[in-house]
Amino acid sequence: MDKLQVERERGITVKAQSASLFYQQDGKDYLLNLIDTPGHVDFSYEVSRSLAACEGVILLIDASQGIEAQTLANYNLATKNGLKIIPCMNKIDLPHAEPERVAAQVHAALGYEKEEILQVSGKTGVGVEQLLRAVVEKIPPPSGSSSSSLRALVFDTWYETFKGVVSLIRVVEGQLAHGDKFLMRSTDKTYEVHEIGIMHPEATPVKCLKAGQVGYILCNMKSPAEARVGDTVCSDASVEALKGFEPPVPMVFAGIYPIDASDFDALNKAISKLLLNDTSVTMMKESSNALGLGFRCGFLGLLHMDVFRQRLEQEHNADIIITNPTVPFRVRLKKTPDEFVTISNPSDFPDQSQVIEFEEPVVNASILMPNEVDDHFPGLLC
């Protein structure tokens, strides 16, 4: 389901992708709404947004790699959201797969018994039928009613040149059909549905979306600024808004400048369209004596920053210069001793004589390792 060029080149998922699957079991028809999310911690905001639209998760563990940092991070996110978790070991067809060892890891770290861990291979299809059956039997169905007033959560957006802004929604209550008018709660603007559909896995138009379904909507929304992830689509202003998402906290900052100063406006439009697709990036204009006008952008990590740069170059043909990344510092100044000021740009650092103290980010980490490397690991920390 990886659609971006950067994903195919790097062999990683950086953007969550949704797909609706029609499935039949024991003579009954089911519609499964699936979201493929990234694994790397730099794209955890994609995961947290997707979880808000789900009743349960399939926790994939690589049969050759075992439990990784993102396994625990995503497990904790799902647990925090109160979702049903199905542990699943994939890639069991690989020659170097070690399902017994990995199952023991999962039991030790997460508490699941070996019999609870499904084993599948996406390549050969082994175990897929059992996994789909487990999804139907173990994950609860949506609880909303189609007869209630419309309430839907916007959990993803992107921009298409000839169509404008596309919003991916999860209908929590009520229903939305082609030609209906709806209200976006954050802006109090009214729009009309021009096209509505499901991802199957490509965009497939349908007549309407009902409570519990996930799909996309196209309306007369032309500016990326009009679409906000976490917003509520509703029938009128009297409907209570849904709980949105906690904004992500950038951990790495870098300056992005056009090589040619005349391309500043084009770069501004390119970044704005990418921000619609990746709302975890922060942006503010800045000026450099050496590089001219540009933007100060905040990212969730170094990989996140590098992928964003690559997407600017590949998807928007941007010729850019990106400065060395920095982390934010907190500074307590003598003139305001009772408060800290956050500084993300090295040029904004105050004179040392005006500073009481600096604070820099630190990590409180838990490290899991095999017993055989226990004796050697302390030397790596020195």
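Me: To start with S280, does it count as buried or exposed?
Reply: S280 counts as buried because its relative accessibility is 3%, where buried means under 20% relative accessible area, exposed means over 50%, and partly exposed lies in between (1.4 Å probe, protein chains only). Please keep in mind that this is a predicted model, in which local features need pLDDT of at least 70 and side-chain atom pairs count only at pLDDT 80 or more, while totals for chains, interfaces and linings use all residues. Residues are numbered from 1 along each chain as its sequence is written, and side-chain values use heavy atoms, with hydrogens and water left out.

Me: OK, and where is S280 placed?
Reply: S280 is in the loop that runs between α6 (264-277) and β16 (282-288); helices (H or I, at least four residues) and strands (E, at least two) are DSSP runs, numbered from the N terminus.

Me: Which side chains does the side chain of S280 make polar contacts with?
Reply: One is the side chain of D278, at 2.6 Å, and another is the side chain of H304, at 3.5 Å. A polar contact is a pair of N or O atoms within 3.5 Å; within protein, one must be able to donate a hydrogen and the other to accept it, and residues adjacent in sequence count only if both atoms are side-chain atoms.

Me: And which residues does S280 touch, leaving out those up to four places away in sequence?
Reply: With those left out, S280 touches Y45, P248, G298, L300 and H304, contact meaning heavy atoms within 4.5 Å.

Me: Switching to helix α5, which of its residues are buried?
Reply: In α5, which covers residues 128-138, the buried residues are L131, L132, A134, V135 and V136, and these pack against the strands β1 (17-25), β2 (28-36), β3 (56-62), β4 (84-90) and β5 (118-119).

Me: How many disulfides are there in the whole structure?
Reply: A search of the whole structure finds zero, a disulfide being a pair of cysteine sulfur atoms within 2.5 Å.

Me: What about salt bridges, how many does the structure hold?
Reply: There are 18 of them, where a salt bridge is a side-chain nitrogen of Lys or Arg within 4 Å of a carboxyl oxygen of Asp or Glu. In one of them, the side chains of D156 and R49 meet at 3.1 Å, N to O.

Me: Which parts does that pair tie together?
Reply: D156 lies in strand β6 (residues 151-160) and R49 in helix α2 (residues 44-51), so the pair ties together parts that are 107 residues apart in sequence. D156 is buried at 3% relative accessibility, and R49 is buried with a relative accessible area of 2%.

Me: What does R309 form a salt bridge with?
Reply: Its partner is E313, with the closest N and O atoms 2.7 Å apart. R309 and E313 are separated by about one helical turn because they are four residues apart in helix α7 (residues 302-316). E313 is partly exposed, at 32% relative accessibility, and a network of salt bridges links R10, D306, R309 and E313.
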